[in-house]
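Subject: Structure handover

Hello,

I am passing a structure on to you, with notes on what was found in it. Please open it and keep it in view while you read.

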Amino acid sequence: MGWMGMKKRLGKGLLLYRGHAFRRSLLLILIVTTIPTLLIAVSSYYIGVSYIEREVERTHKLQLDYTVKQVSDALGHLQVGMNQWTLNPMSDKLRGIDFKDNYAFSKEFFESLTVLNNSSALIDQSFVYLENPPRLISDSQGIHKLEESGAKPYHELLAVRERLFWRMLQAPALDGLFVIHKLPVIGEPFGVIMARINEKQLLNLAGFDAGLGGTVFILNREGTLLSRDLFSPTVKEMNEALVKEISVKQEKSSSFRWSWGNELYVVSTATIPITGWELVSTVPMSEFLKPIVLVSRLIMAVGLISLLFVLLSSWYASVRLVQPLHRLLRTLITPAGPEPLLVPKDEIQYIEEQWRNLSRESHLLQSRLEGQHSSLRTGFLLQLVQGHLQLLQEQEITQRMEQYGWEPEGQQFVVMVVQLLGFHRLQGSFREDEQPLVTFAAVNIIEELTGNDNVSVMNLHDLSVGLFMMFSCEVSPAEVAERLKRMASEIGHSLHRILKMDTVIGLGQPVSAISRVPIAWEEVQQALRHRKLDVPNQIIDLNEPMSEHADSRYPFALEQDLVHSMVSGLGEESHRLLGLFFQELKAHAKRELLLQQGSLKLLGAVQGALMQSDVMQAGSLFDWGQLYAELLALKDSDEMQVWYAARIVEPLMAELMHHQNDRARDLVERTVGMIRSEYQTDISLDLCADRLGISSSGLSKLFLQVTGMYFVDYLTKTRLDQAKELLIGTELKMQEIAVKVGYQPTYFNRIFKKMEGMTPKDFREHNKL
């Protein structure tokens, strides 16, 4: 056997057989081959991880020590700058200085503050506090005099023992972390210079990087976290948890591991010598493992390749072990198509069950084939009567009928159509979508009444049932007509008694050629449209001459009134006129054809009126082609009236109501705009109504409906709101404000007190306090 043959056999074995024996052998081989490899891989992983974690802690501690040195140097440089500023002779002249009388000194002093601000990136802003009188000075905000209560936090700084110290301030004028130096360097202090630390720059210098996923913060001597509120709530929560962890640790260690939020972190702490603060740095262990990701992936790839090789080898060995059993199963059972041979149980038991299943399936298919024979006969008849077999010759159709069990030789053929009427009267018993159920019941009743091989019943699924009958050519036409009438009468009475529905039954003329059956069917369908509306159960026999009917009279006046009420949005009136219209139409249209023509003419009138109306675009609301098709399927005046109410009147009323609401909102919005722009003039409801082309009473109702306020109340509120702004924001006199908001002064005082409970003067005094 060559390589290609072995590969082909192996592929078939892999794809087509998965029995219990195969699974057991494959599982055993996989256990033997993969467990040693997994043990080696797991042990290597844990040994490597432990070494990496130790190295991470050591590296992180070294990095933190270097960061502490940088921070200490920067803070020391800041202290040197503060000392240099205080040693400047100019600082001694600040005692009791009057900056207004010493322009040159003031200019030099503010320039020195600017230089101090720019001397270090850690300085956010510098301030000078002078005791007598209490003043707070900065180069950006100038000189700010302090009250005794406001100067108290700064006065307490003069009592501190050190000349230079660090302090968190929460004073009224400023707060934050400050480096503070008393003035002067030697002698009784009369003030201090304070430099506010830029906490964000300090943390950046301390090595904070939000992208690493950890956190860095400084814990001062008072136990306050420096700048912790500048970051996200997650970082804040991490900082607070870490402070608690450090405070409860019994063994004070400069580096330790800490688990938080499903992540392992390396935490290192160090003290900044110059301030005594504690710098805490936290970095997730995963950040230090990034450099070895590539190596890990290579190791993983090699492991996966090795595992794949083990799987393939195990699979091939398993196939070779179960090959004899596989050949036996292949001999007995072959699945259909390329599906795999699945054996859910023991192989021998599986073979027995498959044999029994095949026997049962054979009997089941035989019974189903016999059951489908009736459906095939009905489908053929539907194709025949609907004209789908016109391309076939007479002999070909005859052969097809013989295949389905008919014997058409020497027979004449007759079609009958039964239509059920008055389904809307059964709405209490059946839903609208259950028409096929009623039709199916009618088919069963007719089959019981015409149990004969020469009568075939067809379900047309639209409350209609078709019958195809064969009579011997020896039977006379008169006898055929008599039998048809007797059968039709029995069917009509039975359906009316059982289903409580009216019927109209059309009887076709006998034809001797099968190819003429579609023509006879179409003639019966057309004849049914000439049924009399006032006859509940009737038979239309094409073997008898049809009587002429009188011309119908169409209710044009009711049509005009109905269309006008619909376009005008009069819902109740439209429903009333709709009932009168169909009552009048049914009274004068004696036959179904004339009734359908009248209902279609009304639909055309509605469509034309909506197309000409400027209220809405009718095409956007109705699918007229679908509406005409639905209306043509209706055969009863009551059903037509219900259809018009549900498909035309109700949607149209809803659309018109929505359109009227939009117009009302537009008119009120325009009115509000006029009030807001002309409230200071003698504007009135009548003036706004004239501009909008609407009656004042109509505008008043719309305004109240949309805003919930009367026009006068809204105008008064607008004027008084503007008067309040003028009373608070200007020094205008009361008379001037009254004129500006459109009131006489005396009436202004009276209406203001009535609406606000106080006079305009009291309102102004109250809001100035």
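Start with Arg161, which is exposed because its relative accessible area is 73%, over the 50% cut-off. Its partner is Glu162: the two side chains meet in a salt bridge, 3.5 Å from N to O. Glu162 counts as partly exposed, at 36% relative accessibility. Please bear in mind throughout that this is a predicted model.

Salt bridges

Side chains of opposite charge can pair when their charged atoms come close. How many salt bridges are there in the count? The count comes to nine, and the pair of Arg161 and Glu162 is one of the salt bridges. Here are two others to look up.

Arg196 forms a salt bridge with Asp124, and their closest N and O atoms are 3.3 Å apart. The two residues sit in distant parts of the chain, 72 residues apart: Arg196 belongs to strand S6 (residues 191–197) and Asp124 to strand S1 (residues 123–130). Is Arg196 buried or exposed? Arg196 has a relative accessibility of 19%, so it counts as buried, the cut-off being under 20%. Asp124, at 38%, counts as partly exposed.

Lys724 also has a partner, Glu756, with the closest N and O atoms 2.9 Å apart in their salt bridge. This pair likewise links distant parts of the chain, since Lys724 is in helix H23 (residues 711–729) and Glu756 is in helix H25 (residues 745–756), 32 residues apart. Glu756 is partly exposed, with a relative accessible area of 29%.

Next, find helix H13 (residues 435–449) and helix H14 (residues 477–499), which pack with their axes 10 Å apart and at an angle of about 135°. Angles over 145 degrees count as roughly antiparallel and 65 to 115 as roughly perpendicular, and H13 and H14 are therefore oblique to each other. Their crossing is right-handed. On the H13 side, the contact is made by Val438, Ala441, Ala442, Ile445, Ile446 and Leu449. On the H14 side, the residues are Glu490, Ile491, Ser494, Leu495, Ile498 and Leu499. What kinds of residue make up the contact of H13 with H14? They divide into 10 nonpolar, one polar and one charged.

Two single residues

Gln411 lies in strand S11 (residues 411–421). With a relative accessibility of 18%, Gln411 counts as buried. Which residues is Gln411 in contact with, leaving aside its neighbours within four places in sequence? They are Met470, Phe471, Ser472, Cys473 and Ser512.

Lys586 is placed in helix H17 (residues 571–588). Lys586 is partly exposed, its relative accessible area being 37%. Along the chain, Lys586 and Asp636 are 50 residues apart, while their C-alpha atoms are separated by 9.3 Å.

The whole protein

The secondary structure comes to 26 helices and 15 strands. The protein has 769 residues, of which 41% count as buried; Arg196 and Gln411 are among them. Taking contacts between residues at least 6 apart in sequence, 62% join residues at least 24 apart.

Regards

Terms used: Residues numbered from 1 in each chain as written. Predicted model: local features only at pLDDT ≥ 70, side-chain atom pairs only at ≥ 80, totals over all residues. Heavy atoms only, no water. Axes fitted to C-alpha atoms, helices over the stretch in contact; angles between N-to-C directions. Helix = DSSP H or I, 4+ residues; strand = E, 2+ residues; numbered from the N terminus. Parallel < 35°, antiparallel > 145°, perpendicular 65-115°, else oblique. Left-handed = near helix turned anticlockwise from the far one by under 90°. Contact = heavy atoms within 4.5 Å. Nonpolar A, V, L, I, M, F, W, Y, C, P; charged D, E, K, R; others polar. Salt bridge = Lys/Arg side-chain N within 4 Å of Asp/Glu carboxyl O. Buried < 20%, exposed > 50% of the residue type's maximum accessible area, 1.4 Å probe, protein only.
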